[in-house]
Amino acid sequence: MSSLDPSQTNVTAGLQYQGLLERMLFTAPITLSCCVFLLINGVMLFTLRSKPVFRETPRYILLYNLLFGDTAQLVMSQLMYLLAACQMKLSYPVCGVLFMIALLTNDISPLTLVLMSLERYVAVCYPLRHATIISIRNTGLAIITAWSFSLLNVVIRVILLLQFPFQDLQSLQMKDTCSTALMFLVPASDHFDKAYTGLVFASAGVAVISSYIGVIVAARSASTDKASAHKGRKTLLLHLMQLSLSLLSTMHSPAVLSITRTLQRLAVVRIKNVFYVGMFLLPRCLSSLIYGLRDQTIRPVLIYHLCCGLKLNPQSLRHSK
């Protein structure tokens, strides 16, 4: 005699089918939207390398680094999302590699925003020394420092991860889909993650806000270009907004963990998709649109490339040459 109730089996099968259908309905539009934004980011990156004015101006070099980090992070996050949606279970080494690559690119946005804020501060407060302080060489060194700092974070995470006794496991195959939470195998990893994230975003916030205050103070000086100071304030506010969006993306994993403990699986899947779009996808997609459409030099070239060169307006491109 079977121990399974037929009606109970039907309910279970129905829930599984409903979960599969919902995953497909969520995954398809999210993936399509991500591909569109990746295309826009790719065009924006190409635009920033298409003309000497972009390749030889420090603020455009920093913008390229910001977009490159966001695009790489967007690719990694979408890959992890698709693996979770397809319920593919990886081994710990493979998941660890993906996790570390995602970590490497995750810190680039706040660190680059700090560099962009300092560049605007120098441009407004020390315009005569701007070309000397913010040279192409110094900008390159600052970018290398940002990537090295992020790489150091990855190295520390690997050392903490290796403290887990993997040899005691029967198999290195994971029992659940790869996620950030599952890579915190020892308590020290979670403590370090919270401390490091808090330090990075607190330091970045202080740097951006201090630059903003410095520009406001400089704007009251008679020798300061008022138009440049006003533009600098707006740019720094934009950097602060971008930093807030990046900080919002770090709350994705804790928010998912909190709802996982209290809600049913189907409800968790729905909310996880909403959190992924609102907290992770959108903050990584807005940089190219915000900076690309706002900048008078980038905008015509970006639109030209987005339209595949079908409509060439020489007058609109005059300032970008």
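Modeller: Buried means under 20% relative accessible area, exposed means over 50%, and partly exposed lies in between (1.4 Å probe, protein chains only). This is a predicted model, where local features need pLDDT of at least 70, side-chain atom pairs count only at pLDDT 80 or more, and totals for chains, interfaces and linings use all residues. Residues are numbered from 1 along each chain as its sequence is written, and side-chain values use heavy atoms, without hydrogens and water.

Colleague: Is Val-53 buried, partly exposed or exposed?

Modeller: Val-53 sits in helix 2 (residues 52-55). Helices here are DSSP runs (H or I, at least four residues), numbered from the N terminus. The relative accessibility of Val-53 is 27%, so Val-53 counts as partly exposed.

Colleague: How far apart are the C-alpha atoms of Val-53 and Thr-297?

Modeller: Along the chain, Val-53 and Thr-297 are 244 residues apart. Their C-alpha atoms are separated by 9.1 Å.

Colleague: Are helix 3 and helix 4 roughly parallel or roughly antiparallel?

Modeller: Helix 3 (residues 58-85) and helix 4 (residues 92-106) pack with axes 8 Å apart, at an angle of about 150°. Axes are lines fitted to C-alpha atoms over the stretch in contact, and angles run from 0 to 180 degrees between N-to-C directions. Angles under 35 degrees count as roughly parallel, over 145 as roughly antiparallel, 65 to 115 as roughly perpendicular and the rest as oblique. Helix 3 and helix 4 are therefore roughly antiparallel.

Colleague: What is the phi of Gln-87?

Modeller: Gln-87 is in the loop between helix 3 and helix 4. Gln-87 is not a glycine, yet its phi is positive. Most residues other than glycine have a negative phi. For Gln-87, the value is about 55°.

Conventions:
Helices (H or I, at least four residues) and strands (E, at least two) are DSSP runs, numbered from the N terminus.
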